[in-house]
Amino acid sequence: MCIQHGNRKEAAKYIPKCAAEERFLLYLKIDDLVRAADIAFQERNIRALEELLVRAGKRPELVEHITSLKDRLEQK
């Protein structure tokens, strides 16, 4: 409901209580790409991290964070 009403900050409080398989998509919906990247990393989902890199666009700090997580997964 929070997302539907545009209250991203309030929605972020409830996402950790949602089922694990829903969290990634919910963070995408509220445009919290850092947390979405962290979830993708925990799930070892390189494809999701690549999708996030595209969404990150020209935000250097975000691109660096996602690239770092992706590199760590690829090294394992």
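User: Is Asp 31 buried, partly exposed or exposed?

Analyst: This is a predicted model. Asp 31 has a relative accessible area of 39%, so Asp 31 is partly exposed. Its place is in the loop between helix 2 and helix 3.

User: What is the phi of Asp 31?

Analyst: Most residues other than glycine have a negative phi. Asp 31 has a phi near 60°, a positive value in a residue other than glycine. Arg 44 likewise has a positive phi near 60°.

User: Which residues of helix 3 are buried, and which helices do they pack against?

Analyst: Buried residues are those under 20% relative accessible area. In helix 3 they are Leu 33, Ala 36, Ala 37, Ile 39, Ala 40 and Phe 41. These buried residues pack against helix 2, helix 4 and helix 5.

User: Where do the buried residues of helix 4 lie around its axis?

Analyst: Helix 4 spans residues 46-56, and its buried residues are Ala 48, Leu 49, Leu 52 and Ala 56. They cover an arc of only 100° around the axis, so they lie on the same side of helix 4. The face turned away from that buried side carries the exposed residues Arg 47 and Val 54. As for partners, the buried residues of helix 4 pack against helix 2 (20-29), helix 3 (33-42) and helix 5 (60-75).

User: Which residue caps the N-terminal end of helix 4, and which residue follows helix 4?

Analyst: Asn 45 provides the cap: one of its side-chain oxygens lies 3.3 Å from the backbone nitrogen of Arg 47. After helix 4 comes Gly 57, with a positive phi near 60°.

User: Which residues meet where helix 4 and helix 5 pack?

Analyst: From helix 4, the residues in contact are Ile 46, Leu 49, Glu 50, Leu 52, Leu 53 and Ala 56. On the side of helix 5 they meet Leu 62, Val 63, Ile 66, Thr 67, Leu 69, Lys 70, Leu 73 and Glu 74.

Key. Residues numbered from 1 in each chain as written. Predicted model: local features only at pLDDT ≥ 70, side-chain atom pairs only at ≥ 80, totals over all residues. Heavy atoms only, no water. Buried < 20%, exposed > 50% of the residue type's maximum accessible area, 1.4 Å probe, protein only. Helix = DSSP H or I, 4+ residues; strand = E, 2+ residues; numbered from the N terminus. Arc of directions from axis to C-beta. Contact = heavy atoms within 4.5 Å. Polar contact = N/O pair within 3.5 Å; in protein donor to acceptor, adjacent residues only side chain to side chain.
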